[in-house]
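The sequence and structure come first.

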Amino acid sequence: MLADLMTEPERTPLDIYYARQALLAISWSVSMMGDLDLPDDRMADAATDIALGILDRLA
């Protein structure tokens with residue numbers, strides 16, 4: 001549902017794929033960085049940057 005809201009009404013299947021990947025990137029990034037000595041805000045910033053990089057493909 002979130003992926004649908006993140007994409008244009010006339011979205012392509014690839015647009016939806018990238019939106020879903022961006023959502024997954026946020027949770028995966030935090031999980032994959034959990035063992036690093038980083039504060040929560042830096043992990044969240046990194047996860048958001050990764051997700052935004054994926055969403056840039058929708059433009």
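Contact means heavy atoms within 4.5 Å. On that basis, and not counting residues up to four places away in sequence, Asp-15 touches Thr-7 and Leu-58. Residues are numbered from 1 along each chain as its sequence is written. In this predicted model, local features need pLDDT of at least 70, side-chain atom pairs count only at pLDDT 80 or more, and totals for chains, interfaces and linings use all residues, while side-chain values use heavy atoms, with hydrogens and water left out.

**Fold**

Helices (H or I, at least four residues) and strands (E, at least two) are DSSP runs, numbered from the N terminus. The protein has three helices and zero strands, and its pattern along the sequence is α-α-α. Of the contacts with a separation of 6 or more, 42% are between residues 24 or more positions apart.

**Burial and the buried residues**

Buried means under 20% relative accessible area, exposed over 50%, and partly exposed in between (1.4 Å probe, protein chains only). Of the 59 residues, 24% count as buried.

Asp-15 has its place in helix 2. Asp-15 is buried yet has no salt bridge, and the nearest side chain of opposite charge, Arg-11, is 7.5 Å away. A salt bridge is a side-chain nitrogen of Lys or Arg within 4 Å of a carboxyl oxygen of Asp or Glu. For charge, Lys and Arg count as positive and Asp and Glu as negative, with His and the chain ends not counted.

Ser-29 belongs to helix 2 (residues 13-32). Ser-29 counts as buried because its relative accessibility is 5%. Leaving aside neighbours within four places in sequence, Ser-29 is in contact with Ala-47 and Ile-50. Ile-16 is also found in helix 2, and it counts as buried because its relative accessibility is 17%.

**C-alpha separations**

Thr-12 is in the loop between helix 1 (2-6) and helix 2, and is partly exposed, with a relative accessible area of 36%. Thr-48 lies in helix 3; its relative accessible area is 38%, so Thr-48 is partly exposed.

| Pair | Residues apart along the chain | C-alpha separation |
|---|---|---|
| Thr-48 and Ile-26 | 22 residues | 6.2 Å |
| Thr-12 and Leu-58 | 46 residues | 9.6 Å |
| Ile-16 and Met-6 | ten residues | 8.2 Å |

**Surface**

Accessible areas come from the Shrake-Rupley method with a 1.4 Å probe, and for residues only the protein chains shown count as cover. The protein exposes about 4500 Å², with carbon and sulfur atoms supplying 59% of it.

Patches are made of residues with over 30% relative accessible area and no salt bridge; like charges are joined within 9 Å, and nonpolar side chains (Val, Leu, Ile, Met, Phe, Trp, Tyr) within 5 Å. The place of a charge is taken as NZ of Lys, CZ of Arg, CG of Asp or CD of Glu.

Which residues gather in the patch of negative charge on the surface? They are Asp-40, Asp-41, Asp-45 and Asp-49. Asp-49 is in helix 3 (residues 40-55) and counts as exposed because its relative accessibility is 55%.

A nonpolar surface patch of about 330 Å² is made by Leu-24, Trp-28 and Met-32. Leu-24 is found in helix 2. With a relative accessible area of 35%, Leu-24 is partly exposed.
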